[in-house]
Structure formats: structure tokens, C-alpha cells
Amino acid sequence: MEPILRVEGLTKEFPGVKALDNVKFDLCPGEVHILVGENGAGKSTLAKCILGAYEPEEGRIFLEGRQVNFKTPKEALANGIAAVYQELTMIPHLNAAQNIFFNREPVYKGGRIINQKLMQRQAKEILKTLNCEGIDTTKPVKYLGVAEQQMIEIAKAISIGPKIIVFDEPTATLSDREVESFFQQIKLLKKRNIGIIYVSHRMKEFHHIGDRITVLRDGKYIATLKEGELSDEELVNLMVGRDIAQVYVRTPNEHTGEALKVEHVSDRAGKVRDCSLVVNRGEIVGLAGLVGAGRTELARLIFGIDKLKSGKVWLHGEDVTGRPPKSLVREGLGLLPEDRKQLGLAVRAPISWNIAAVSLKQLFPHFFLRQGKNDEIAREYVETLKIATPSVKKMARALSGGNQQKVVIAKWLSANTDVILFDEPTRGIDVGAKMEIYALMDRLASEGKAILMISSEMQEIIGMSDRMYIMNNGSVAGHIERKEFAADKIGQMMLLGS
């Protein structure tokens with residue numbers, strides 16, 4: 001089959017960085033071609049060159065056999081290349097139909113008044129082709145779930161009659177059930193002969209929807225393979241350029257006493273009920289459970305974001321029940337939130353400011369921020385945590401997901417926190433960055449810090465935890481030691497409770 005898209009010798013440079021170096025790629029109609037590599041490998045840059053957001057210095061792009069050189073995403077869209085990004089681009093107060101046809105609304109003759117009935121009918125027809133006719137197209141999308149919003153994004157892409165759709169980490173915010181539904185939509189798109197470029201870090205997804213996989217590393221083309229041609233471990237070795245036989249390395253260390261204790265905690269919304277747990281110094285304690293089990297809600301209660309209905313929280317033996325986050329931070333408690341971009345970082349602020357954000361009063365007790373000292377402290381953490389950036393003055397939004405997560409960790413380390421709640425610490429980052437985060441967590445534990453880790457990845461929580469609590473329907477269903485870890489046992493407790 002002739003490719004619908006072909007890329008030859010693509011090179012793209014930014015100041016001091018060659019993001020793409022003589023890269024090749026092709027896509028066939030009705031194919032899901034997965035693009036993989038570590039953060040910084042060039043995946044997003046390649047996608048943006050195809051979409052017209054970046055103009056390459058060298059190389060050629062062919063669409064249906066003719067050479068193209070799109071100057072803008074709008075131009076690529078007009079030629080049938082659409083994109084669905086990890087961060088949804090919904091306009092919250094508009095309804096589904098208005099979002100699908102935004103800036104392309106059907107109008108009555110004369111071209112000024114929007115034909116609302118026609119727009120609603122067309123939106124419903126598109127959603128019906130995706131088996132999503134249950135979505136209310138008249139309701140503001142802010143009242144819809146993430147999975148429904150994702151389907152509206154796909155419908156928006158389909159509404160232009162695309163030949164190609166680029167998906168960038170589309171399942172990062174979806175539950176397992178929503179992912180299964182999403183995969184059904186991908187299969188429907190394949191049947192319509194739409195070519196799909198799929199950027200993802202989730203290897204388990206490759207087996208469900210992938211046809212071919214192209215590996216990039218450090219901006220260079222490494223290989224294109226049929227899905228299943230290599231084992232997961234062999235594929236990861238290609239991506240990172242090194243053996244990852246020991247991904248989850250834990251250093252034996254002493255657990256030297258109780259750092260955090262939660263006793264019979266419940267919230268006012270009924271999402272957390274009578275939960276108790278203990279985390280000792282030097283431990284990584286896992287908190288497992290299905291989406292909606294109450295794990296994040298429990299972390300928010302511990303950190304004082306939400307109000308307790310009942311129960312006690314103890315930090316280093318002191319009763320801190322009911323104290324606000326600001327007070328708990330002073331006592332040494334930190335939280336890496338599930339959504340680092342919205343809740344963990346000021347993405348439009350420099351790295352140096354983000355690192356000092358919760359420790360300004362400690363670092364500058366006289367209320368005058370000395371920028372030179374701030375930058376010096378930030379550079380120390382950049383070096384220690386191996387944050388990939390040319391300058392601490394760079395905006396946090398410009399960093400890869402893994403490096404953004406390291407900045408959040410640096411923020412809490414600069415505040416001298418010794419009990420840290422990690423909520424989904426590796427969500428949306430590649431396998432190489434995951435390994436670095438795991439090594440960092442292990443180092444923190446070996447230094448005596450106490451870590452409570454929430455994770456939806458079974459391998460991750462088994463590999464990193466010394467002990468584990470399992471939540472089900474808002475309650476702690478069980479507590480197991482490392483020697484008792486078994487995926488089937490943990491899965492059963494997550495599904496059925498104790």
C-alpha cells in the first residue's frame with residue numbers, strides 16, 4: 001500500500017539543540033503508526049513539523065505523493081491533517097456542537113447568522129458515527145466528563161473530513177474503562193481509512209491498536225517495526241539506548257520510626273471513609289486502587305486541602321489534624337499533585353521561581369528576593385536532579401513532562417520537606433524519565449524521607465513499594481508487605497475489597 005504521508009531527511013534545530021536530525025517516517029491509510037521515544041527524543045517536534053507548527057531546516061514532507069510545505073496548522077488542517085492533543089482544547093462555556101464547529105459554523109444564506117439547528121444536527125451525526133450519540137450536544141462541555149470531552153475533540157477533528165489525525169498522549173487523563181471505549185473509536189477511524197499518528201508512552205496500548213512503531217532517540221531515527229516484532233523490554237532498550245532489566249531498583253535501608261500516621265479519616269463528601277495508614281522514615285509506601293477509589297481524595301485530606309469530617313492526622317508524632325497546607329509545609333509535608341501542570345507548577349514562570357515557590361520565606365526571611373541567590377539555589381537542584389534545561393530562567397512550560405516533575409520535586413526539597421505525597425509521579429512521562437524519577441524516589445527514601453506513593457500502574461507500585469495499602473470504594477481494603485506482593489491478589493482487593 002502506498003503511504004498517504006512520507007517524511008524524508010527532516011531536520012529541525014532550536015538554539016543549541018538539534019531536535020530532529022535527518023528523520024524519516026511514513027504513514028499508510030487506515031494505519032495506526034505509533035511514535036515512541038523518551039521525552040526530548042523528537043516525537044512532538046516531528047508531529048509539529050507535519051502539522052505546520054514548525055518549519056524544518058531540511059527535509060521534505062509528501063502528502064498523497066505531492067510535496068507540501070505547510071506554514072501554519074490551519075494550512076495543514078485545510079489539507080486534511082488534524083490533531084487531538086493531551087491537553088483538551090475545549091471552550092468550557094460552549095456546548096459540544098459549538099466546540100466541534102468553532103470558527104467553521106454553518107450559516108444561513110448571506111453568511112452572517114449561524115444555523116444553530118443545522119450545526120446541532122451535523123454534530124449529532126458525527127458523534128453517531130463514533131457511537132457517541134449519548135453525548136448531549138446542547139450542554140456546555142464544562143459539565144461533561146473527560147472521556148466525553150475527548151470524544152468531542154475527535155469529532156472536531158473528523159468534522160473537517162481528515163485524511164490523517166495526530167493523537168498526542170490521548171489517554172493520559174482517561175480511566176481504564178474510558179480507554180477501552182476510546183480504542184473502539186480508533187478502530188472505527190481505521191475502518192474509514194484515516195491514517196493515525198499516535199504518540200504515547202503507554203506500551204500496553206501498543207498491542208491493542210498499533211500496526212507499526214517508529215522509534216526516535218535524541219532526535220534521530222532509530223527503527224520502524226511491526227507491532228509485536230520485539231518484546232517490550234527490547235523495544236524500551238531501543239528507546240533509551242541502554243538495558244533496563246532493572247527498572248525498579250530499591251536500596252535496602254532502615255525504616256527509622258513513624259513519620260506520618262492517619263487514623264480513621266473520613267471526608268465530608270463520603271469519598272473517603274474510615275481510612276488509616278502509617279508511613280515510616282525511609283519507606284516508600286504504595287497506595288493502590290482503581291480510579292475513583294478515593295486515593296487522591298485521601299491525599300488531599302492529609303495535606304489539608306479538603307476538610308476532615310472525622311479522624312486524626314499525625315506528623316512526626318504531632319497531631320496536625322485540621323491544619324492548612326501552609327502550616328503543614330512548615331512541618332515538613334509536601335504534595336506532588338496528580339496534575340502537575342495545573343496544580344504543581346506555575347508553567348508561565350521560570351524554573352528558578354518554581355523551585356523557590358514554597359520556600360521563599362525560608363530562603364529570604366527579610367522579604368527581599370535576591371535573584372542571584374535564587375538562581376544559584378535553582379542551579380544546584382538542576383544539577384543534582386539532572387533537570388535538562390539550558391537555563392534556570394527558562395519557563396517551566398518549555399520543559400518535558402519528566403523534567404517538569406523534577407522541578408516539582410526540587411520545589412519540595414528546597415522547602416526541606418521530609419514526608420512527601422507522590423500522586424501518580426510518572427503519569428505522562430516516558431520510560432527513561434520514569435527510571436530517573438524512580439531512582440530519585442529511592443535516593444530520597446535512603447536519605448530517610450518518608451514517601452506515600454499513589455499509582456495506577458500495577459508494575460510501578462509493586463516495583464517501588466516497601467509496603468502497600470489498597471483502597472476500594474473510599475476505604476482501605478487491605479495492607480500487605482512486600483514479600484506478599486502479587487498482582488492477582490492486589491487486583492482482587494482493588495476490585496472486591498478485603
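## Close-ups of a predicted model

View 1. L290, L495 and L496 together make a nonpolar surface patch of about 320 Å². Keep in mind that this is a predicted model. Let's pick out one of the three: L496 sits in helix α18, which covers residues 487-496. Is L496 buried or exposed? L496 has a relative accessible area of 65%, and exposed means over 50%, so L496 counts as exposed.

**View 2. R295, tucked away in helix α9.** Here we look at R295, which belongs to helix α9 (residues 295-302). The relative accessibility of R295 is 7%, and the limit for buried is under 20%, so R295 counts as buried. Which residues does R295 touch, leaving out those up to four places away in sequence? They are L287, A288, G289, L290, E424, I454, S455, S456 and M471. You've met L290 already: it's part of the patch in View 1.

**View 3. R295 and N472, across the sequence.** Along the chain, R295 and N472 are 177 residues apart. For the protein as a whole, take the contacts with a separation of 6 or more: 65% of them come from residues 24 or more positions apart.

**View 4. Stepping back to the whole protein.** Count up the secondary structure and you get 18 helices and 20 strands. The C-alpha atoms fill a box of roughly 70 × 50 × 50 Å along the principal axes.

Terms used
Residues numbered from 1 in each chain as written. Predicted model: local features only at pLDDT ≥ 70, side-chain atom pairs only at ≥ 80, totals over all residues. Heavy atoms only, no water. Patch = residues over 30% accessible without salt bridge, like charges linked within 9 Å, V, L, I, M, F, W, Y side chains within 5 Å. Areas by Shrake-Rupley, 256 points an atom, 1.4 Å probe, with all protein chains shown as cover. Salt bridge = Lys/Arg side-chain N within 4 Å of Asp/Glu carboxyl O. Helix = DSSP H or I, 4+ residues; strand = E, 2+ residues; numbered from the N terminus. Buried < 20%, exposed > 50% of the residue type's maximum accessible area, 1.4 Å probe, protein only. Contact = heavy atoms within 4.5 Å.
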